[in-house]
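Here are my comments for your reading of the model. Keep the sequence and the 3D view open side by side as you go.

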Amino acid sequence: MKVIADLQIHSKHARATSKDLSIENLEKYARIKGITLLGTGDFQHPLHRKHIDENLVENNNGILKTSAGFPFIWQTEVSLMFSQNGRRAVHLLIFSPNTKTANKITEYLASKGRLDYDGRPIFGIPAHQLVKDLKSITDLIEIVPAHCMTPFFGLFGSKSGFNSIKECFLEQSHHIHAIESGMSADPPMLWRLKESVNIVSFSDAHSFWPWRLGREATIFELPELTYENIIKAIRTGDGLQSTIETPPDYGKYHYDGHRNCNFSCSPEETKKLNDLCPICRTKLTIGVEYRIEELAKEPENYTPKNSKPFYELIPLHELIALAYSTSLNSQKAWSVYNSLIEKFQTELNILLQVSKQDLLAKDTSPVLTDLILLSRKNKLKIKPGYDGTYGVVQLPEKQKKLF
């Protein structure tokens, strides 16, 4: 069975998240998006745990389901800030096989600090110690470095990250089987690092809106939906079919720059500037593209033998907003979006499958149809994101002439 999974979710109790984040809204918009499995998010937070217990029921395979049958697995994310040959900061995803283990993880985290102030709590535990401690509970717990390239909290981040998995996790490195790509990187960039791990991709959604939820996801092909089958696929690659990514330029940390000065540039330009903002002379935030070049062991276009396919897609709301010169959350954008979903079932079906002929036959505008097809082929021009600012998708000249 095909499973399209977004396993990096937050609750409304995490910092900078929607106050309306709920199991109900996550299920509703996951179905619209075409996502078929979600992470619970923040299961250690006492209020969100109460919400999980009230809305989800666990089966014997480690899958939690809503009353309507939509599946979730136990998942949270923690922020580690510690000293290890310098100041370090790493975000890690944690997956639990069942309620009993989720309880033990929660007890362990509570022994290290408060759990009630933020859905993504901060601990002063070195990454290798956290892995060792969690694995002593059960080997079925899985730990995956989140948005592994982002400057401030990525495993390989330019601000406080490491140069390798081994450098971060030391003697516990063999327990790290996968890394999460994040929006500012994609598999071809990560392949160049030659780390012997699989690549997964998830949204890091801070809301349930379809331009956030499932914007990145992982597609599994499993004999049956069970926690152990999901983790086996993440660990071995067997059953990990492909990933859905946003183009790296669309991510908030792809290029180098300084948001306060509205300045961004390529790695080549950064080197000419000696890493300094030309406007205020402070240090630039070094982005993912620059960092990849620092760490790469292989040239561009290197593809390992065990590489998995991937798709790079712009969220449908973004394409609608571009086609109609409106905002993502405008009444017009929602009207067009809802009409498309009514005709073609899910957003991912529209972005990945529906033909040009079928789109036009159902009265989709020619401009939007072309944007969907260009996105599918990853041929849209994007002004790269930088220093916490999303990339900007630009209307091609052909579409501009159609207005």
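Predicted model: local features only at pLDDT ≥ 70, side-chain atom pairs only at ≥ 80, totals over all residues.

The points below go through helices, their packing and a few single residues.

1. Look at helix 2, residues 46–55. Which of its residues are buried? They are His48, Arg49 and Ile52. These three span an arc of only 105° around the axis, so they sit on the same side of helix 2. Leu47 and Glu54 are on the other side of helix 2, and they are exposed.

2. What do the buried residues of helix 2 pack against? Their partners are strand 4 (64–65), strand 5 (71–83) and helix 3 (99–110).

3. Now find threonine 40. It is in the loop between strand 2 (37–39) and helix 2. Its relative accessible area is 0%, and buried means under 20%, so threonine 40 is buried. Setting aside neighbours within four places in sequence, threonine 40 is in contact with His48, Ile52, Leu56, Leu64, Phe72, Ile73, Trp74 and Gln75. Two of these names, His48 and Ile52, are among the buried residues of helix 2.

4. Move on to helix 3 and helix 4 (residues 127–137). Their axes come within 10 Å and cross at roughly 140°. Helix 3 passes helix 4 in a right-handed crossing. Helix 3 brings Thr101, Lys104, Ile105, Tyr108 and Leu109 to the contact, and helix 4 brings Gln129, Leu130, Asp133, Leu134 and Ile137. Sorted by type, the residues of this contact of helix 3 with helix 4 are six nonpolar, two polar and two charged.

5. Stay with helix 4. Its buried residues are Ala127, His128, Leu130, Val131, Asp133, Leu134 and Lys135. What covers them? The cover includes strand 5, strand 6 (87–96), helix 3, strand 8 (142–145), helix 5 and helix 7 (227–236).

6. Isoleucine 125 is in the loop between strand 7 (122–123) and helix 4. Is isoleucine 125 buried or exposed? Its relative accessibility is 7%, so it counts as buried. Apart from neighbours within four places in sequence, isoleucine 125 is in contact with Leu80, Phe82, Tyr108, Lys112 and Leu130.

7. Two residues deserve a check of the backbone. Leucine 170 has a phi near 50°, a positive value in a residue other than glycine. It lies in the loop between helix 5 (165–169) and strand 9 (178–180). With 32% relative accessibility, leucine 170 counts as partly exposed. Aspartate 204 is not a glycine either, and its phi is positive at about 55°. Its place is the loop between strand 10 (198–200) and strand 11 (217–221). Aspartate 204 is buried, with a relative accessible area of 16%.

8. Cysteine 261 is in the loop between strand 13 (256–258) and strand 14 (263–265). Which residues does cysteine 261 touch, not counting those up to four places away in sequence? They are Cys277, Ile279 and Cys280. The C-alpha atoms of cysteine 261 and isoleucine 279 are separated by 6.7 Å, while the two residues are 18 residues apart along the chain.

9. Take helix 10 (residues 316–324) with helix 14 (residues 366–376). Their axes come within 9 Å and cross at roughly 140°. Helix 10 and helix 14 are therefore oblique to each other. The crossing is right-handed. Leu316, Leu319, Ile320, Leu322, Ala323 and Tyr324 of helix 10 meet Val367, Leu368, Leu371, Ile372 and Ser375 of helix 14. The residues of this contact of helix 10 with helix 14 are 10 nonpolar, one polar and no charged.

10. Helix 10 also packs with helix 11 (residues 331–344), at an angle of about 125° and with the axes 9 Å apart. That makes helix 10 oblique to helix 11. Helix 10 passes helix 11 in a right-handed crossing. The contact joins Leu316, His317, Ile320 and Tyr324 of helix 10 to Lys332, Ala333, Trp334, Val336, Tyr337 and Leu340 of helix 11. Its residues divide into eight nonpolar, one polar and one charged.

How values were computed
Residues numbered from 1 in each chain as written. Heavy atoms only, no water. Axes fitted to C-alpha atoms, helices over the stretch in contact; angles between N-to-C directions. Helix = DSSP H or I, 4+ residues; strand = E, 2+ residues; numbered from the N terminus. Parallel < 35°, antiparallel > 145°, perpendicular 65-115°, else oblique. Left-handed = near helix turned anticlockwise from the far one by under 90°. Contact = heavy atoms within 4.5 Å. Nonpolar A, V, L, I, M, F, W, Y, C, P; charged D, E, K, R; others polar. Buried < 20%, exposed > 50% of the residue type's maximum accessible area, 1.4 Å probe, protein only. Arc of directions from axis to C-beta.
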